[in-house]
Structures are given as C-alpha cells and as structure tokens.
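Subject: A structure for you to look at

Hello,

I am passing on a structure that I have just been through, and I hope you enjoy it. Please have a look at it first, and then read my notes below.

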Amino acid sequence: MPDQKIAHAFPGSQRRADLDLLEEQLVKQLAEVRVERDELVVAERVVQRISERGFGEYLSLAPPPEEAQVGSVTS
C-alpha cells in the first residue's frame, strides 16, 4: 500500500486528505443550507402577503371542504 507509506513519510499529506474531506462535506452542507434558506424566504413572503391582504382572501381561494360541497354524497 504505497499511499499509506507516503502518508507516514509525509504526515502533512494525511492532514491534507482530512481537510479535503472536510471541505467536501462543508460544501455539501452549505448548499443544503442555501436551499433551505431560499425556501424560508419564499415562506416568509407568503406569510407577509397573507398578513398584508388578509387571511380571508386566501381562504376564499381554497376549495371548500368535501362535507361542505353542495350535492356531495358521503358514505
């Protein structure tokens, strides 16, 4: 296993490999954080619009519950 011999011969190379792995993990984690933050921004905008326009307007756009629909038959 030449890689292990090199790692033992140059202790910094193991540290470099560890740092490379950590960097890769952090890059993935940062991407996930950014996606979640973007989703949060969208949710905050929805809440802001609801508070500005009033919740009643949004309720009027929603379909009525099944039991309230005229002519529906429930078993």
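Let me begin with a term: a salt bridge is a side-chain nitrogen of Lys or Arg within 4 Å of a carboxyl oxygen of Asp or Glu. By this rule the count comes to one salt bridge.

Before the details, a word on the source. This is a predicted model, in which local features need pLDDT of at least 70 and side-chain atom pairs count only at pLDDT 80 or more, while totals for chains, interfaces and linings use all residues. Residues are numbered from 1 along each chain as its sequence is written, and side-chain values use heavy atoms, with hydrogens and water left out.

**The overall picture**

The protein chain has three helices and zero strands, in the order α-α-α from the N terminus. Helices are DSSP runs of H or I with at least four residues, strands are runs of E with at least two, and both are numbered from the N terminus. Of the 75 residues in the chain, 1% are buried (buried is under 20% relative accessible area, exposed over 50%, partly exposed in between, with a 1.4 Å probe and protein chains only). The accessible surface comes to about 7200 Å², and 58% of this belongs to carbon and sulfur atoms; areas come from the Shrake-Rupley method with a 1.4 Å probe.

**Helix α2**

Helix α2 covers residues 11–53. Its 43 residues should span 63 Å at 1.5 Å a residue, and the end C-alpha atoms are 63 Å apart, which agrees (the expected span is 1.5 Å times one less than the number of residues). Just after α2, G54 takes a positive phi of about 100°.

The salt bridge joins K28 and E24, with the closest N and O atoms 3.7 Å apart. Both residues lie in α2, four residues apart, about one turn of the helix. An α-helix has 3.6 residues a turn, so residues three or four places apart point the same way. E24 is partly exposed, at 45% relative accessible area.

**Two surface patches**

Patches are made of residues with over 30% relative accessible area and no salt bridge; like charges are joined within 9 Å, and nonpolar side chains (Val, Leu, Ile, Met, Phe, Trp, Tyr) within 5 Å.

- L19, L22 and L26 form a nonpolar patch with about 250 Å² of accessible area together. L19 lies in helix α2 and is partly exposed, at 38%.
- E32, E36, D38 and E39 gather in a patch of negative charge. Asp and Glu count as negative, Lys and Arg as positive, and His and the chain ends are not counted; the place of a charge is NZ of Lys, CZ of Arg, CG of Asp or CD of Glu. E32 is in helix α2 and is exposed, at 55%.

Best wishes
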